[in-house]
Amino acid sequence: MKLLIKNGRVIHPVTGTVLLQDILAENGRISVLERGVTMEADRTIDAAGLSVAPGLVDMHVHFRDPGLTYKEDILTGCAAAARGGVTSVACMANTSPAVDCPEQVKYVLDRGRKANGVGVYPIAALSKGLLGEEPTDAEALQKAGAVALSDDGNNVDNANLMRDVLIRARQLEMPVLCHCEDTSMVSGRAVNEGSVSRQLWLEGRPAIAEEIMVMRDAMLAEETGASVHICHVSTARSVEIIRKMKKKGVRITCETCPQYFTLTEDEVLAQGALARVNPPLRTRKDVHAIISGLREGTIDVIATDHAPHSAEEKARPLSRAPSGMIGLETSLALALTHLYHTKKLDLPGLIRRMSTNPADILGLARGHMSLGAVADLVIFDPDEEWTINPEQFASKARNTPFAGRRVKGKVKYTIAKGEVIYQDNL
């Protein structure tokens, strides 16, 4: 199969350049990358006026498969990914049962192969049953195909357990992804501790609960030499801690999500449980710090923490509704709208945080625009405006606070290993 993409503005995230080039993909890889390609192909896409980038790599999704597939499953999650320009996803382990043994890792891989071509990479549990009491067999999980370890959804409160896991992960050169919120300070609490929690007469989740654990895990990374990745950074002080530890040479990376550079805690007053996430939406000061962290490179990755729930679950009162929002089908548009079109990031910098960096952190052969690279590509119009309508989503879930929002930037084609797996027909 030969696919030719002509006349596109090709984004090179590593070199930071945007070049007018044609791309020929053969047998799933980029074989030609230059102007004026005249070779024949099985399919030709005219990308004039459009941007062409490496397919997005979302290193933090929850596909609820196995066990909670009424919310989402791997097939529908991959369909949602394709609509958002995402060609690779890393699935968190907080399923039912948890992905804490080689058999469950293989289940996720097998289900992923039956999907639409989106690459599915399992992240295995750090502790058995996600209970934070006994470490999993990291070596066996890695051999089965897990790309990282994480108890995401739960903080690992036991520092000794976390240290032991990091020592083993260092030996295996396996990244550990950390959900940082001290459980004793956040359990049962729905919103940020601040003006909104006081207005609603609710106990809040204080920013320090995140920051204490970011510092602890950064210090453990420094001591063990392990590769530690901090999930969904949401506070200004967390950014400051990570910045300082990076300057010291600690092997620490981090991510944030679109909700943390677009929304504040005030969204809870307007949308209730739809705006409930862990960690919670914070203050305007925190939003500015997250954007600064992205601009300077302290924050390496934009992920979604795609967390589907049923309409019935999200309709519960705020204090009893589950936390999380979906994001695969809106992440690129939100990033373009709030970072590129506001001149906070250029296109190569934005794509580097959504494709190349997460792929490199997880050790995936994805996210690069070069000869011989896997032909995972997204073609998008950075200037096309559209209104987010969850009823058009491929995901089973609709729990997004961005419904009805006008955004600028639309995916036109998603290509996995040289095959078109999504085309915008609207």
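User: Where do Arg 113 and Asp 110 lie, and how many residues apart are they?

Analyst: In this predicted model, Arg 113 and Asp 110 both belong to helix H2, and they sit three residues apart, about one turn of the helix.

User: What makes the contact between the side chains of Arg 113 and Asp 110 a salt bridge?

Analyst: The N to O distance for Arg 113 and Asp 110 is 2.5 Å, and the cut-off asks for a side-chain nitrogen of Lys or Arg within 4 Å of a carboxyl oxygen of Asp or Glu, so the pair qualifies.

User: Why is Arg 113 called exposed, and why is Asp 110 called partly exposed?

Analyst: Exposed means over 50% relative accessible area, and buried means under 20%, with partly exposed in between. Arg 113 has 61% relative accessibility and therefore counts as exposed, whereas Asp 110, with a relative accessible area of 39%, falls in between and is therefore partly exposed.

User: What makes the salt bridge of Arg 111 with Asp 65 a link between distant parts of the chain?

Analyst: The closest N and O atoms of Arg 111 and Asp 65 are 3.3 Å apart, yet the two residues are 46 residues apart in the chain, with Arg 111 in helix H2 (residues 102-113) and Asp 65 in the loop between strand S6 and helix H1. Arg 111 has a relative accessible area of 21% and is therefore partly exposed, while Asp 65, at 4%, counts as buried.

User: How do you know that Lys 71 is buried or exposed, and which is Glu 313?

Analyst: The cut-off for buried is under 20%; Lys 71 has a relative accessible area of 7%, so Lys 71 is buried, and Glu 313, at 9%, also counts as buried. Their side chains meet in a salt bridge of 2.9 Å, N to O, which links the loop between S6 and H1 to helix H12 across 242 residues.

User: Why is strand S8 described as largely enclosed by the rest of the structure?

Analyst: Six of the six residues of S8 (residues 119-124) are buried, and therefore the strand is largely enclosed. Both faces are covered, with Gly 119, Tyr 121 and Ile 123 buried on one side and Val 120, Pro 122 and Ala 124 buried on the other.

User: What makes S7 and S8 a pair of strands?

Analyst: A pair needs at least two bridges, and S7 (residues 86-91) and S8 have four bridges in the parallel sense, so they count as paired. In one of these strands, S8, Val 120 is the bridge partner of Val 89.

How values were computed:
Residues numbered from 1 in each chain as written. Predicted model: local features only at pLDDT ≥ 70, side-chain atom pairs only at ≥ 80, totals over all residues. Heavy atoms only, no water. Buried < 20%, exposed > 50% of the residue type's maximum accessible area, 1.4 Å probe, protein only.
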